[in-house]
Amino acid sequence: MVILGASAIGCSKKAEAPMAQAPALDVVSATTKDVVGYTMFPATIQGKINNDVRAKIQGYIQEVYVHEGQVVSKGQALFRLEANNLAETASAAKSGIAVAQANVNAAQVEVDKLVPLVQKGIIGGVQLETAKANLASAKSLLAQAKANFGTASANVDYAVVRAPISGIVGQLPLKKGSLVGPTDPTALTTIADISSVYAYFTMNEKEYFQFLNNAPGQTLSEKVKNLPEVELQLADGSIYTEKGKIETVSGQIDAATGTVQFRVAFANPNKLLSNGNSGIIRLPKKYTNVLVVPEVASFEQQGKINVYKVVNDTAVSTVVSLIDRVDNMIIIEPGTRKEDVKVGDVIIVSGIGSLRNKAAIQPKKANFDTIVNSIKPVF
């Protein structure tokens with residue numbers, strides 16, 4: 001009986017499970033920095049001057065003298081239109097001048113012949129007045145003939161379409177044999193002066209009023225003048241070497257889009273930017289001595305941004321007031337409560353996804369800048 005009792009007691013004892021070891025997680029200290037954030041706006045790029053090239057007369061394209069992207073000078077021939085009929089018209093108009101001039105000469109002779117006869121009283125003045133009227137009519141017809149010839153000659157010249165400005169030739173949508181005219185909706189091409197370029201971007205109404213409130217200056221022109229230079233991010237993600245200056249703001253809300261348009265001027269010494277390029281305007285915003293932690297430390301919960309603060313080797317979920325996100329860091333508003341994040345507080349920067357509030361951890365000190373710089377953008 002004793003043996004059985006001892007055996008029962010032995011079986012009732014369960015082996016205690018070993019306690020799980022607290023995870024070792026990277027931590028950094030919340031610190032203050034001077035940082036520059038950027039507000040991004042999609043932009044379209046246009047040359048400083050963009051001229052649509054159109055035919056001044058109607059005709060078929062016989063020759064195309066240029067190719068897309070070619071640099072041309074003002075007055076350079078771009079296209080030639082069929083001009084045989086125009087030349088014939090000009091020739092006929094020139095002959096019309098000779099006929100009209102002969103009529104003027106004859107009428108003048110008649111007037112010159114009648115003047116002394118009237119003066120001597122040989123004939124009445126009515127005949128002379130009729131001759132003078134015929135002379136005036138002949139001169140009017142001569143002037144009209146000269147105008148017709150001028151128009152016909154100009155049309156012959158217009159058969160050669162020339163560059164209105166110096167610049168870069170754009171697309172050539174119309175080829176040899178196409179019938180073109182001055183009222184066509186499609187231009188023959190566009191010539192763009194890209195020695196400097198303009199980038200156009202818009203702000204919605206809310207962004208625009210935030211801009212007005214934050215920009216230094218009393219008037220709109222003062223605010224624009226005081227704005228810092230901006231950057232242009234190109235389509236491949238690189239930053240254009242030249243900085244730009246916001247020159248003009250429309251100042252009026254577009255009723256159709258609800259936006260205000262801004263224009264930024266960029267130098268283009270190497271002609272890297274061209275008409276129709278796109279990019280992103282980066283409007284800088286400087287923050288001085290602000291409280292920051294690495295962005296990887298943050299997570300969203302119930303619509304609020306949180307970080308895990310280490311208190312006595314325990315992860316404590318702490319709500320923070322986000323000001324901005326800059327260079328893989330979050331700028332947070334310093335709090336006044338004891339539980340708020342302050343300079344020097346230890347913040348967890350790894351294992352956030354599987355961590356739970358009040359969980360025990362083993363803090364492993366990491367370098368703030370190394371953590372921030374290890375985050376690569378994903379495109």
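Predicted model: local features only at pLDDT ≥ 70, side-chain atom pairs only at ≥ 80, totals over all residues.
Local features were taken where pLDDT is at least 70 and side-chain atom pairs at pLDDT 80 or more, whereas totals for chains, interfaces and linings use all residues. Residues are numbered from 1 along each chain as its sequence is written, and side-chain values rest on heavy atoms, with hydrogens and water left out.

A search of the whole structure gives 9 aromatic pairs, a pair being rings of Phe, Tyr or Trp (its six-membered ring) with centres within 6.5 Å, called stacked if the planes are under 30 degrees apart, edge-to-face if over 60 and tilted for the rest. The ring centres of Tyr-240 and Phe-266 are 6.1 Å apart and their planes stand at 70°, so this pair is edge-to-face. Because Tyr-240 belongs to the loop between β10 (231-234) and β11 (245-249) and Phe-266 to strand β12 (residues 259-267), the pair ties together parts 26 residues apart in sequence; strands are DSSP runs of E with at least two residues, and helices runs of H or I with at least four, numbered from the N terminus. Both Tyr-240 and Phe-266 are buried, that is, under 20% relative accessible area, with over 50% counting as exposed and values in between as partly exposed (1.4 Å probe, protein chains only). Elsewhere, ring pairs link Phe-41, Phe-201, Tyr-208, Phe-209, Phe-211 and Phe-262 into a cluster.

Leu-128, in helix α3 (residues 125-158), counts as buried because its relative accessibility is 8%. Beyond residues up to four places away in sequence, Leu-128 touches Val-111, Leu-114, Val-115 and Val-118, contact meaning heavy atoms within 4.5 Å.
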